[in-house]
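Biologist: I would like a close look at one part of this model. Please keep to the salt bridges and what surrounds them.

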Amino acid sequence: MATKPSGLPDRIQHYIGGSFADSIGKETFEVLEPTTNTPYITCASGQQADVDAAVAAAKKAFDEGPWPRMLPRERARVLYRIADEVAAINDELAAIESFDSGLPIRQAKGQANRAAENFRFFADLIVAQVDDAFKMPGRQINYVNRKPKGVAGLITPWNTPFMQESWKLAPALASGCTVVLKPAEFTPVSAQLWAGIMERAGVPEGVFNVVHGFGESAGDALVKHPDVQLVSFTGELGTGKIIYANCAQNMKHMSMELGGKSPAVIFADADFEAALDSTLFGVFSLNGERCTASSRILVERPIYDRFVEAYAERAKRIVVGDPSNPDTEIGALVHPEHYAKVCEYIEIGKGEARLVAGGGRPADLPEGNYVEATVFADVAPDARIFQEEIFGPVVAITPFDTDEEAIELANNVEYGLAAYVWTSNVARAHNVAHAIESGMVWINSHNVRDLRTPFGGVKGSGLGHEGGYRSLDFYSVQQSIHVTLGDVHTTRFGATGYAENDLGLGGPSA
């Protein structure tokens, strides 16, 4: 078992209305450390009553507190203090995230800085934001009054949990909403850091709340709560469908980023070494537990054999080991349930395709959730390992002969989150990117992201987009205000003596 980070509490509690609290019914669950799967901390398990208390605190802060009514600059100052507090715990956070989730420490060390940047970005955005105004001279002026929607329910995943939480918290708070965060039950520990961060930054009591627990209890209660105006969820497709149906009962606003089975299309004229480096990183970084992983690699036939050989050789040299070791490139998968799922897919793949690298547990790691970097070649498009999200260090490589076949293969899954195109032909790069059914496409790159751009998917990969102004749009009501500047023609219903031309519904709209 790796060394437990110092400073952790004996147990994880909810954070409701400015105070830590156990579950009202005293329910708890144990959190496992993924290199040995032994329990190392106990976490409060939220139920309906705990969600009710958290939503009540958030609603009171929204209805009566100062947060939604602050000027943008005033709220931005608080967001900047949050960012500074987040950046200050970089080393502490990295140790906790690595220990709790199995993420290699070398990849965990940048999480705090990326999370801090999310808050700085949205602080800048709310100060610089411009809303529309429209004038009809002498008749009417129309303008948009933007205001926060209310209590936001934020449900986050277990891969890079703290950073994923910042993606939702930053725009929600920037918009003036109050929030109830439901972190993933596999990785609840780093979410405990947010309470102190918010308090030190001066966030008013009740604006930020956390309820831990399972999706079927805490998550379900949060989604169905009538005082929660909107839900932002990141997770797998099956859960997303359930949330979609439950939100419909109260006509809640939704943003959902779901699964992915993202293709990387590599043409023969691509920069071979750059494509090799990027696609190796794109699927094996973060233990392969990433929604935008390039887990299907489509390679043009003239370079197919060379690419498969080079890819497999590199994959065999990827270092799998203790997440706390700075040399480790793939750590332990997050939880034994997920480990079992990934291993099951590897066994399925052995019957569907040609295994060219990995395929099991490293011999020197007899316990814990360790999986070798696993590469399958000659994968048919109807194979399960081609079609279904595995969410681990497993990649499927498939050949193609024409641009049209590459596009068909890329689109032949139910997901549509990300895609990657590698070619030196500019026209082909754009045309293929436009034809791929995905919310995001990177050309000659892995997913280096600009925070101003929309993030989200199509088909089974999600509903709605966040990122930049689209995030502020999601967490805000955009109310149209119409002000009369002159006489308004009104047809006089119920009056006698209609004028001959007094039969319409008013003049032109502009």
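Is Arg354 buried, partly exposed or exposed?

Modeller: Arg354 counts as partly exposed, because its relative accessibility is 38%. Buried means under 20% relative accessible area, exposed over 50%, and partly exposed in between, with a 1.4 Å probe and protein chains only. A word on the basis: this is a predicted model, where local features need pLDDT of at least 70, side-chain atom pairs count only at pLDDT 80 or more, and totals for chains, interfaces and linings use all residues. Residues are numbered from 1 along each chain as its sequence is written, and side-chain values use heavy atoms, with hydrogens and water left out.

Arg354 forms a salt bridge with Asp378 (a side-chain nitrogen of Lys or Arg within 4 Å of a carboxyl oxygen of Asp or Glu). Their closest N and O atoms are 2.8 Å apart. This pair links distant parts of the chain, 24 residues apart. Arg354 is in strand S15 (residues 354-357). Asp378 is in the loop between strand S16 (374-377) and helix H13 (384-387). Helices (H or I, at least four residues) and strands (E, at least two) are DSSP runs, numbered from the N terminus. Asp378 also counts as partly exposed, at 38% relative accessibility.

Now take Lys350. Lys350 forms a salt bridge with Glu347, with the closest N and O atoms 3.0 Å apart. Both lie in helix H12, three residues apart, about one turn of the helix. Lys350 is partly exposed at 38% relative accessibility. By the salt-bridge rule, the count comes to 18.
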